[in-house]
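Here is a friendly walk through a structure, with the cut-offs spelled out along the way. Have a look at the display, and then we can go through it together.

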Amino acid sequence: MSATEPIVQIVDDDPSFLVATSRLLRASGFAVKTFSSASTFLAQRDTDSPGCVLADLQMPGMNGLDLQSALTTSRNPLPILFLTGHGDIPSSVRAMRGGAVDFLEKRAPKEKLLDAVRRALARDARERKEHARQRELRARFDALTEREIEVLSHVVQGRLNKQIAGDLGIHERTVKLHRTAITTKLGVQSVAELTRLTLEAGIFEASATTFPKGQ
Amino acid sequence: MSWVTIIWSTIASACITLAGIYLLVWCRNRTAWANLLFSLTAVAAAGFAFCELSMMLAETPGEFGTALRWGQVSVWLWTVSLVGFVWLYLQAGRPWLAWATCGLRTFALLPNFLVGQSLNYREITALRHIPFLGESISVAEGVPNPWMLFAQLSLVFLVIFVADAGVTAWRRGDRRKALMVGGSVVFLVLVGLVESMLIFWGKVQAPLTVSLFYLCLVVVMAYELGRDVLRASQLVGELQASEADLRENEERMSLAVDAANFGIWIRDLARNEIWATDKWRKLFGFAPSERLELDAILQRVHPDDREALQGVFAKALDGGGSYETEFRLMLPDGGIRWISSHGRVEFDASGQPARIRGASRDVTAGRQAELETQLLRQQVAHVGRVSMMGQLAAALAHEINQPLGAILRNAEAAELFMQDASPDLDEIRAIIVDIRKDDQRAGAVIDRMRGLLKRQSLNTRALHVGELIGDVRALVRADAAARRLKLDVNVPSDLPPVRGDRVHLQQVLLNLILNGMDPIDGDRPEDRRVSVSALLDGAQTVEIAVSDTGTGIPDDRLAHVFDPFFTTKPDGMGMGLPISRTIIEAHGGRFWAENNKSGGATFRFTLPIAEEAAAK
């Protein structure tokens, strides 16, 4: 199993159901890992690998909803799918509000289950891709000096070189030099592309929380 | 005037006066025949006194004879009226003695006028003058007439008759009357008889003074009658006093009736009239002077209760005698008033109902509270049942869905594995083993559920079936009344106690009775009935049956009524009978259902007799 292959991680206190579900998912072509409790899963799981979590809602000790809140605040917030022997509305509402992909009865039809797993994996893949792109952008912006960032902030607001030079109290030629360095470092061709990238990276709004330094 | 004339005239006028007084009394009260007879007796005594005076003053035997002859007529009247008086006054005496006395005396009138000079003398030969009270009076000398014996015999009969009547009255308790009237008649008649016999048979030469004794007798009789008149006037006084008491009682009664909020009504069936107190009129919404008609009253009764109320009246009139019922009135403002009414039917001498008296009371407030309590209790019971069943169902679903889900997933996986070109048979084998294991697990869950009901919660002890049923009856009584259903309980008092868990058995009975009430929709009271009965079934068991008069169970469903989730009710869960059967079987009894021949269904179950009772 390579590091990029998604893994369906099943958490259920009922060993028989755990084994049976893992068999079905394996037979359907998924890579599967099983855990007999929420706490073992949180302790032993692979924090990097993609995939999704298929968890029983009612478990002794840490139940499905507790697992969900622990997972969303973790470094690898995998999408979660809930299974229940007998669903009740308040739990399902809480689960869905907490971002669960689906809420299925244990005896739900196979197609429904597999479809939900596929959706969960797709969501994980999409989230992961976005994550990777943001990481890459962040790396590019990290190469800029503080002065270059300052100049960039004026550029994306649509100000002319002369105006920027006046604002910052530097020579217009220096502004041009900074702009060339920025476009080179970020690998962009036009001001429009520069603006789009800057917005995508979200660098000027709540930058500290979105991209904490050193991440 | 001579003393003789004065005394005898006084005797005659005293008798006439008394006769007049009591004739007047009789005229005022025509039913007091004793007064009339006394008057006749007194007139006869006066007549005889006059004849005696005539005899004493007679100048010739002819005059003497005539006076004596008419004297006999007076004695006849005197005897007959005295017999009648004693008969009426003492309310006693033998009729044949009375008839014999009157008959003989009447017969004696024949020889009095036909044989000889009078009844007493065949022939008066001479008059002798003897001194009497200082003057000379006449007495007769002659041949006695033997026919006189009839007259004397009649007097003997009179004495016997009066003595006998007196004894009877004495024994009955009318001692005073017996002594005064009976005693004086016997004594004075006997004295008169002896005197006249001595004189007429020629033993003694003396004037006849019998009217003196007659006067005594008349005075005694008058005195006795006078007491009665006095007593009557006393009674009038007492009656007036008791009437005042009666009014007072009526006042008190009406106060009590008002205080108890009762409206009273009386229906006279013969005259077809209804009378009611103002309070009753207010209750039923009639004006104080409005004429009351039964139809108009029934119009005010709620249509749903009207027929039942008429039924209650009909039953009371048809020999029931009394009734007690509750019904609703429709008020003009659209509201409802609950009336509690009870009453009695009075029957006349021929056994026909003559009138109904009833008391009605407004019980709306109590009824409302009762209905609310009942509703609340039903809701609580329903919530209790639903939540118990809900919990049970949730637990059952969770426990069973685990193995069922595993079985499903394993089967689906096996299907997919089989689609491989070279299926992993070991894997498939493992799957089959797991499927079997999970199936057993699901079965074990169900067994555990049953076991939960069976063992852990039974707390058995000796129970009286009558008390058991009575407890449940108290629970459903209000419910049954609200649906106008009759709940019959028939438990022999000598039924031995059974062994069981009180709460569980109450649950079973409650379930059966409520089930029995649901399908009943007949209109006739005999069609609206749930009966609970118990009987000894062999030496070891008691059989309890709950029958209803509802629609029964269709034959094709009879076999399924104990299946879980089988129900005919739109909101039923189909768990009542299966749980009930589990409870009964856990008690070691049997439980079955059957349809009644006359409609409706009967559920029967058996319970073992408590050991201590069975050992006896």
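How many residue pairs are in polar contact between chain A and chain B? The count is ten, with both residues at pLDDT 80 or more; a polar contact is a pair of N or O atoms within 3.5 Å, where within protein one must be able to donate a hydrogen and the other to accept it, and residues adjacent in sequence count only if both atoms are side-chain atoms.

## Ground rules

This is a predicted model, in which local features need pLDDT of at least 70 and side-chain atom pairs count only at pLDDT 80 or more, while totals for chains, interfaces and linings use all residues. Residues are numbered from 1 along each chain as its sequence is written, chains are lettered from A and ligands numbered from 1 in the order in which they are written, and side-chain values use heavy atoms, with hydrogens and water left out.

## Where chain A meets chain B

Chain A brings 22 residues to the contact and chain B brings 21 residues, contact meaning heavy atoms within 4.5 Å. About 1900 Å² is buried between the two chains, and carbon and sulfur atoms give 53% of that area. Buried area here is the accessible area (1.4 Å probe) that two parts lose on being put together, summed over both.

Four salt bridges also link chain A and chain B, each a side-chain nitrogen of Lys or Arg within 4 Å of a carboxyl oxygen of Asp or Glu. A:Arg23 and B:Glu427 meet in a salt bridge, at 2.8 Å from N to O. On the side of chain A that touches chain B, helix 1 (15–27) and helix 5 (110–142) of chain A each supply at least two residues. Helix 1 of chain A gives the largest share, nine residues. Helices are DSSP runs (H or I, at least four residues), numbered from the N terminus.

## Salt bridges overall

Over all chains, the count comes to 34 salt bridges. One within chain B joins B:Glu412 and B:Arg409, whose closest N and O atoms are 2.7 Å apart. Both residues lie in helix 11 (residues 364–418) of chain B, three residues apart, about one turn of the helix.
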